[in-house]
Amino acid sequence: MVADTSYLAEADALHAAAVRAAAKYGPSSQAVVFLRYEELIRLWHAHLGAGPVPGLRDRLDRTAEDIRTAYARELTVRHDHPTRVVGADPLVIEFDRAVFQERYAVAARTASRETWHVRSAELPADFATGAPHMFVIDDEGRLLVWRRRFSFRELIFGRAKSQVDGVPVAHPMLVPDRLRVRTAGEIVLIGAPRVHAVVANTKSGHFRPPPSTGAVVREACTELFGVPAQRVHVFTVGGLTDQQYAGSTHRLVKATS
């Protein structure tokens with residue numbers, strides 16, 4: 001088999017556009033990240049139907065590294081954020097209950113109905129592979145994925161404009177009972193009926209998980225989807241260690257039930 005030439009052609013066009021955008025806006029601009037992300041997805045679709053295509057694996061790795069570098073430059077520090085760290089091993093982040101009730105609780109029931117609790121590699125019949133979805137890994141280690149697909153433009157340039165029951169979408173809606181996660185972000189599953197590759201990030205403006213939680217995503221995806229680790233790209237936001245994260249943006253407190 002050979003890689004799908006249409007996917008490769010699309011990837012080439014996206015790569016060229018990213019080069020132009022980097023020259024105009026800078027290598028870590030949202031436009032560049034958006035284009036690189038789209039390019040990476042096209043390359044994985046090409047890889048899905050490919051045999052030994054010269055250079056494809058190297059190109060996948062280079063594209064992923066470009067995205068990883070851009071994500072690492074994003075800032076995570078914010079002192080007034082309504083979250084706190086309530087567990088250290090594993091790290092568990094809790095969103096403020098009062099803020100959730102005020103802003104998001106009214107849409108929680110709808111969000112819960114649209115959430116897929118991933119228990120096996122079997123994909124729901126109506127799940128849109130190759131498209132981005134919001135996800136969390138909750139404090140009990142469950143991978144929860146919102147079935148609603150988003151466009152990359154929504155995710156990169158303003159998911160908050162998307163609404164459920166008149167409420168801007170938000171990761172805490174996926175864990176309304178305890179409001180606790182080990183990590184959260186956005187995920188793309190490539191391939192069906194079996195997942196061939198995963199592209200994910202820990203970009204959650206509400207939970208703000210630290211970089212180390214990328215390993216939590218990788219472990220969950222390799223276990224649940226049976227995907228080799230080298231086919232799971234996880235991009236983490238910011239360069240803070242967990243110690244810097246706890247000291248500068250959150251309070252590390254004793255876990256409570």
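A salt bridge here is a side-chain nitrogen of Lys or Arg within 4 Å of a carboxyl oxygen of Asp or Glu. I started with Asp138 and Arg142, whose side chains meet in such a bridge at 2.6 Å, N to O.

**Basis.** I am working from a predicted model, in which local features need pLDDT of at least 70, side-chain atom pairs count only at pLDDT 80 or more, and totals for chains, interfaces and linings use all residues. Residues are numbered from 1 along each chain as its sequence is written, and side-chain values use heavy atoms, with hydrogens and water left out.

I looked up accessibility for the first pair (buried is under 20% relative accessible area, exposed over 50%, partly exposed in between; 1.4 Å probe, protein chains only). Asp138 is buried at 2%, whereas Arg142 is partly exposed at 35%.

The structure holds 14 salt bridges. I noted Glu94 with Arg84, where the closest N and O atoms are 2.9 Å apart. This pair links distant parts of the chain, with Glu94 in strand S2 and Arg84 in strand S1 (residues 83-88), 10 residues apart. Helices (H or I, at least four residues) and strands (E, at least two) are DSSP runs, numbered from the N terminus. Glu94 counts as buried at 15% relative accessibility; Arg84 is partly exposed at 25%.

Asp61 and Arg57 also form a salt bridge, at 2.8 Å between the closest N and O atoms. Both lie in helix H3 (residues 56-72), 4 residues apart, about one turn of the helix. I also logged a network of salt bridges that links Asp12, Arg36, Glu39, Arg59 and Asp66.

**Strand S8.** Which strands pair with S8? Pairing requires that DSSP find at least two bridges between two strands. S2 (residues 91-95) pairs with S8 in the antiparallel sense over 2 bridges, and Glu94 has Arg180 in S8 as its bridge partner. S4 and S8 run antiparallel and are joined by 7 bridges. S8 and S9 are antiparallel too, with 5 bridges. Glu186 is the bridge partner of Met134 in S8, and Asn201 in S9 is the bridge partner of Glu186. S8 and S9 form a hairpin with 6 residues between them, and Gly191 in the turn has a positive phi of about 105°. I found 10 of the 11 residues of S8 buried, so this strand is largely enclosed by the rest of the structure.

**Helix H7.** H7 (residues 214-225) has 12 residues and reaches 16 Å from first to last C-alpha, close to the 16 Å expected at 1.5 Å a residue (the expected span is 1.5 Å times one less than the number of residues). Its buried residues are Gly214, Val217, Ala220, Cys221, Leu224 and Phe225.

**Cores.** A nonpolar core is a set of buried Ala, Val, Leu, Ile, Met, Phe, Trp, Tyr and Cys residues joined through side-chain atoms within 4.5 Å. The largest has 26 residues, of which Phe95, Tyr104, Val136, Trp146, Met173 and Phe207 touch the most other members. S2 gives the largest share, 3 residues. A second, separate core of 21 residues includes Leu189, Val198, Ala220 and Val234.
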